[in-house]
Amino acid sequence: MIHQLSDALKSAVDQKPLVFESMAYSLLSDGKRIRPMMLLSLLSDLGGDYTKGIDAAVALEMVHTYSLVHDDLPAMDNDDYRRHRLTNHKVYGEGIAILAGDGLLTQAFMELSKVGSSDCIEVLARNAGPLGMILGQELDIKDEFDSLEDLTQCYLLKTGCLFAAALEMAALIADRKDLQESMRELGYKLGVVFQYQDDILEATQSFETLGKSSDSDTDRGKNTIVGFLGIDEAKKTSDALFDEIQTCVGDYPLLKAMIDSMFVRAF
């Protein structure tokens, strides 16, 4: 499964222009591939042929990668490292990095068109768009959270929406539209707890472990669950939400294994 996904990702950006080189630099880096593997795992759990989800999985990883390339730019998070190496704009310059992000987003929908489902196109566009992930990024930039509930809503949008897209598209490709709504809600919860975990890791782990700046959001004065609750309570809150999620995935063994692996990560 992971090998076919990797081959498909490489094939999608195997072109000569510099912008494709920049796209490949970020897309093919040592990422966790969580979102596409969630899609393929659930599709298999639902009795579908996971190879029918490869194009959707590629599209999803492209959208995620574009968001990271743009997040790292000086106008947003201004990060120098991602996945243990220099961020895209540090290698190719800001202009090419912007174009690479644009290219990945556009190419994603070319890949998704191969699935032959307008429903999948709607799902990815809705979740990645200005009322989904992009709205979450806007809230993150503003950083005007008065409560943990405000922060959680940002995380639901910023990260949960692409998790939701992965699970919704798997349900659609498996011809299980009846599961779309419940999978969307599961994706939202996964995104929130994943971001909680990120906050905790950034406050406790080193650059060598994380592969990106060792300055945590808390150190930079940015609101996080650690800032609101402290490390111990943040861990308790994260663990409680993870336990809640576990009750929702008992009938999906591959997805459950995928989720379990997410919550024993060190980066």
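**Entry 1**

I began with K177, which forms a salt bridge with D119; their closest N and O atoms are 3.7 Å apart. K177 lies in the loop between α9 and α10 (180-204) and D119 in helix α7, so the pair ties together parts that are 58 residues apart in sequence. I noted that a salt bridge is a side-chain nitrogen of Lys or Arg within 4 Å of a carboxyl oxygen of Asp or Glu. Helices (H or I, at least four residues) and strands (E, at least two) are DSSP runs, numbered from the N terminus.

I then looked up accessibility: K177 counts as exposed at 52% relative accessibility, and D119 as partly exposed at 33%. Here buried means under 20% relative accessible area, exposed over 50%, and partly exposed in between (1.4 Å probe, protein chains only).

**Entry 2: source of the model**

I recorded that this is a predicted model, in which local features need pLDDT of at least 70 and side-chain atom pairs count only at pLDDT 80 or more, while totals for chains, interfaces and linings use all residues. Residues are numbered from 1 along each chain as its sequence is written, and side-chain values use heavy atoms, with hydrogens and water left out.

**Entry 3: further salt bridges**

I found 14 salt bridges in the structure. One of them joins E168 to R184, with the closest N and O atoms 3.3 Å apart. This pair links distant parts of the chain, since E168 is in helix α9 and R184 in helix α10, 16 residues apart. E168 counts as buried, at 0% relative accessibility. I also noted that E122, R126, E168 and R184 are linked in a network of salt bridges.

E111 forms a salt bridge with K114, the closest N and O atoms being 3.0 Å apart. E111 counts as buried, at 6% relative accessibility.

**Entry 4: helix α6**

I looked up α6 (residues 94-113) next, and E111 is among its buried residues, as are A97, L104 and L112. Seen down the axis of α6, the buried residues fall within an arc of 165°, so they line one face of the helix. The arc is that of the directions from the helix axis to the C-beta atoms. The elements that cover these residues include α1 (2-12), α4 (54-71) and α9 (148-173), where contact means heavy atoms within 4.5 Å.

**Entry 5: helix α1**

I listed the buried residues of α1 as L5, A8, L9 and A12. They cover an arc of only 100° around the axis, which puts them on the same side of α1. On the other side of α1, H3 and S11 are exposed. The cover of the buried residues of α1 includes α2, α3 (34-45), α4 and α6.
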